[in-house]
Amino acid sequence: MTIRIDSRRLALRPLAVSDIDRVADYLGDFDVSRMLSRAPHPYDREDGLEKLRRAEEDAARWPDIEEIGFAIDHEGGLVGAISFRALHATPVIGYWLGRPYWGQGLMGEAVQAALGWLFAMRAVAAVDASVMQDNPASVALLRKVGFAIIGSEECSSLSRCATVPAIRMRLERADFLGSSNT
């Protein structure tokens, strides 16, 4: 089964080993990686290749997987990524966008499309997110698509080599499907 999600300006498709150059370039930017829990800085290309190999293998085993990652393609190339982990529990969304594409509404479009796909593919009641407190743009993006703040927590950050304060957010299935997001 080929997985592909199309929106007005974007195509979301499973991550692939062939994405390594653009992934390494964008995640090599500390302003991108510092807002992610699982991206080291400096970015380790060999580790990245291994993660992309696993992502390819996981996508080939859909739907019997715990995590899925999508490349966000815009105008013919990868500009970011979006993923869901804990697919057999309450899924957790994560995402990043290369700095040249910030401020264009691309991530909001990708998140909305990916959530629509997830709720169509899985009978999950909600999707969770954890956003570092010093990332107000991500909090605003998630609120715009219907996420509510449900608490706070500590979040590990590989790139910062630290634990940082984070905001816990949740999107209920009924809220997403009952809104104009679909």
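Asp6 has Ala11 of strand S2 as its bridge partner. Strands and helices here are DSSP runs, numbered from the N terminus: strands are E runs of at least two residues, helices H or I runs of at least four. This is a predicted model, where local features need pLDDT of at least 70, side-chain atom pairs count only at pLDDT 80 or more, and totals for chains, interfaces and linings use all residues. Residues are numbered from 1 along each chain as its sequence is written, and side-chain values use heavy atoms, leaving out hydrogens and water.

**Strand pairing**
- S1 (residues 5-6) and S2 (residues 10-14) pair in the antiparallel sense, over two bridges. Two strands pair if DSSP finds at least two bridges between them.
- Ala11 has Asp73 as its bridge partner in S3.

**Nonpolar core**
- The largest nonpolar core has 57 residues. Such a core is a set of buried Ala, Val, Leu, Ile, Met, Phe, Trp, Tyr and Cys residues joined through side-chain atoms within 4.5 Å.
- Ile93, Val111, Leu115 and Phe147 have the most contacts inside this core.
- Helix H4 (residues 106-121) supplies the largest share of the core, 10 residues.
- Beyond four places in sequence, Ile93 touches several residues, including Val111, Leu115 and Phe147. Contact means heavy atoms within 4.5 Å.

**A buried serine**
- Ser138 sits in helix H5 (residues 136-144).
- Its relative accessible area is 9%, so Ser138 is buried. Buried means under 20% relative accessible area, exposed over 50%, and partly exposed in between, with a 1.4 Å probe and protein chains only.
- Neighbours within four places aside, Ser138 is in contact with Tyr95 and Val131.

**Cis peptide bonds**
- The bond from His41 to Pro42 is cis, with omega near 0°. Pro42 is in the loop between helix H2 (30-33) and helix H3 (45-60).
- The bond from Trp62 to Pro63 is cis too, with omega near 10°. Pro63 is in the loop between H3 and S3.

- Ala86 has phi near 60°, a positive value in a non-glycine residue. Its loop runs between strand S4 (77-85) and strand S5 (92-97). Ala86 is partly exposed, because its relative accessibility is 24%.
- Cys161 has phi near 55°, also positive and not in glycine. Its loop lies between strand S7 (148-157) and strand S8 (162-172). Cys161 is exposed, because its relative accessible area is 71%.
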